[in-house]
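I opened the model today and kept notes as I went. The entries are in the order in which I looked things up.

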Amino acid sequence: MSDDTSRNLFQQQEANRRRTVLLVIGFVAFFAWLGFGGDYLYYLSTRDAPNTAYHHIFPWFGIALTAIALLTAWYAYATGPEKVLWSTGARAIVDPTDPQERQLVNVVEEMAIASGVPRPRIWIVDDPDPNAFATGTDPLHAHVAVTRGLLELCSREELQAVVGHELGHVKNLDVRLMTMLAALVGAVALMHDGATRVLRGGTNLGGGGGGGSRGGGKKGGAGPLLAILLVVWVLSWILAPIITQILALAVSRKREYLADAMSAQFTRNPLSLASALQKIEGAVAPTAAIKRGAAHLCITDPLGRRLTAREGLFADALATHPPMAKRIAILRGMGYAQLKKEGGTVA
Amino acid sequence: MGSIIFLVVLVVVVGWLIGAYNGLISLKNQTLNAFKQIDVQLKRRHDLIPNLVNAVKGAMEFERSTLEAVIQARNQAVKVNATGPEGIKQISQAENALSSALQRLMVVVEQYPQLKATGNIGQLQEELTSTENKVAFARQLYNDTATQFNTKQQQFPTNMVAGLAKAQPADLWEIEDQAEKAVPQVDLSMKPKV
């Protein structure tokens, strides 16, 4: 490890810590906005009501939603890795039974030594499609999972390279950010579904508010302001799941290149990761066991989306993974440079 | 005004001193820890070898010399009781000898298909491959960390603090045996090459 790469590692760790904090703050702030915004709209709509009618003064919604968001974030941090593993149906290898599992355990232990992180817990997903992912909150609480298909398909060196890639994610704390993101994306999707029903009641209420302020001629400025506020508020309800999805996609692409490079650094054998990626790419079937929510954690897009194969503005915005061809080309470049330095020949 | 500038410069210099000193100490401890990791893996290897030899002994009566070389190299390596990065030359010599003896044994085992066919040997082979890899990776991590430590303590201006942090250049773990360098990596993987 040269001085330069270790500095990059610290920067990357720091950036991931910061981004995780920002993610949680953004998540809580978003819910606070939804809650207190709703309170404010409700307050405006009941302000002109007769004295005997209900006046919404105390911001119940805001406090409740902020509390829910805080609890969710805490819960996601505490149980995120478990939830991700559970959603893929992975099972832990405690006592390896067959030679394949034995080999996997050995390979993970080797890579843990090479990367200088504690040995993570090892999981197998019984899926015939080759794929792998890592999750956890820090190197001490990390998990590496591979599919049965990967064990069947890859040679020992290739398996080593793939595990090295995953431990790269563990070492630079990508796992923390990405697991949090997976857990929070799931939570938003769930809450959105539940809250849509509440919102339907709320639109009537909001509409009533708008009408009320238009009727009151005295507060001319409040009308457009209220209307804009209402539109933005409703839009944020509708867009919440889409925004979180795009966030999940944007956050994961660049770090794949970095994890590839770290794998090459651990194994000193970039060509084996290149050939592993090629084999994984060749297996066209999508990984059935891994759902959309955990897609950005995997070494290759488990959904088998065509977008991943392309580079460009559109793909940049919507694909979870960089184009495989480019990753392989970069690794080959590293491998050939290494061979040249050692005076070997390119096979 | 002059005293304020002086104070600022002093704070900056002291801050840098503390940072550089702590950085060196942290690297020193990382180097020591990486060395401990090699030790752990070497011990594992020493414990594994008797099992391996017992497993192949019966089927390889006529390869007695290869087996004996392995046992001898192993005993030699266990006997070296140098510890810490200072004794690295001694340890690495004995361990490198053991590595080459083991590699010869594995080449020989490859030539006996009936030996490979029994599941036991396959398993042992996997264990041995893994152990060799673990030793190699522990060595790699140690060399990387030690190189970083050495570079840091020799670079200006950190080298001015090196004496204060009692930083000594750490020896790297080198493969001295020229013959071993020339030997191509034996492929012990259980999967066929593609």
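The notes below cover ground rules, then chain A, then chain B.

**Ground rules**

This is a predicted model: local features need pLDDT of at least 70, side-chain atom pairs count only at pLDDT 80 or more, and totals for chains, interfaces and linings use all residues. Residues are numbered from 1 along each chain as its sequence is written, while chains are lettered from A and ligands numbered from 1 in the order in which they are written.

**Chain A, domains**

Domain 1 of chain A covers 3–78 + 184–238, and domain 2 covers 88–176 + 250–341. These bounds come from an automatic or database domain assignment. I then looked up the contacts, where two residues touch if their C-beta atoms, placed from the backbone, lie within 7 Å. On that count, 10 residues of domain 1 of chain A meet eight residues of domain 2 of chain A. Helix H1 (3–47) and helix H6 (174–215) of chain A each give at least two residues to the domain 1 side. H1(A) has the largest share of that side, with seven residues. Helices here are DSSP runs (H or I, at least four residues) and strands are runs of E (at least two), numbered from the N terminus. By class, the domain 1 side has three nonpolar, six polar and one charged residues. The classes are: Ala, Val, Leu, Ile, Met, Phe, Trp, Tyr, Cys and Pro nonpolar; Asp, Glu, Lys and Arg charged; the others, Gly among them, polar.

**Chain A, H3 against H5**

How do H3(A) and H5(A) pack, and at what angle? Helix H3 (residues 99–115) and helix H5 (residues 156–171) of chain A pack at about 50°, with axes 9 Å apart. The axes are lines fitted to C-alpha atoms over the stretch in contact, and angles run from 0 to 180 degrees between N-to-C directions. H3(A) and H5(A) are therefore oblique to each other. The cut-offs are under 35 degrees for roughly parallel, over 145 for roughly antiparallel, 65 to 115 for roughly perpendicular, and oblique for the rest. Their crossing is right-handed. H3(A) brings residues including Leu104(A), Val107(A) and Met111(A), and H5(A) brings residues including Leu159(A), Val163(A) and Leu167(A). The contact divides into eight nonpolar, four polar and three charged residues.

**Chain A, Ile57**

Ile57(A) sits in the loop between H1 and helix H2 (60–88) of chain A. Is Ile57(A) buried or exposed? Ile57(A) is exposed, with 11 other C-beta atoms within 10 Å. Buried needs 20 or more such atoms, exposed 12 or fewer, and partly exposed lies in between.

**Chain B, overview**

Chain B has seven helices and zero strands. Of its 194 residues, 28% count as buried.

**Chain B, H1 against H2**

Helix H1 (residues 2–57) and helix H2 (residues 64–79) of chain B come within 10 Å by their axes and cross at roughly 165°. H1(B) and H2(B) are therefore roughly antiparallel. The crossing is left-handed. Among the residues that meet are Ile49(B) and Val53(B) of H1(B), and Leu67(B) and Ile71(B) of H2(B). This contact has seven nonpolar, one polar and two charged residues.

**Chain B, Gln76**

Gln76(B) lies in helix H2 of chain B. Gln76(B) counts as partly exposed, with 15 C-beta neighbours inside 10 Å. Leaving aside neighbours within four places in sequence, Gln76(B) touches Ala94(B) and Ala97(B).

Note on methods: A crossing is left-handed if the near helix is turned anticlockwise from the far one by less than a right angle, and right-handed if clockwise.
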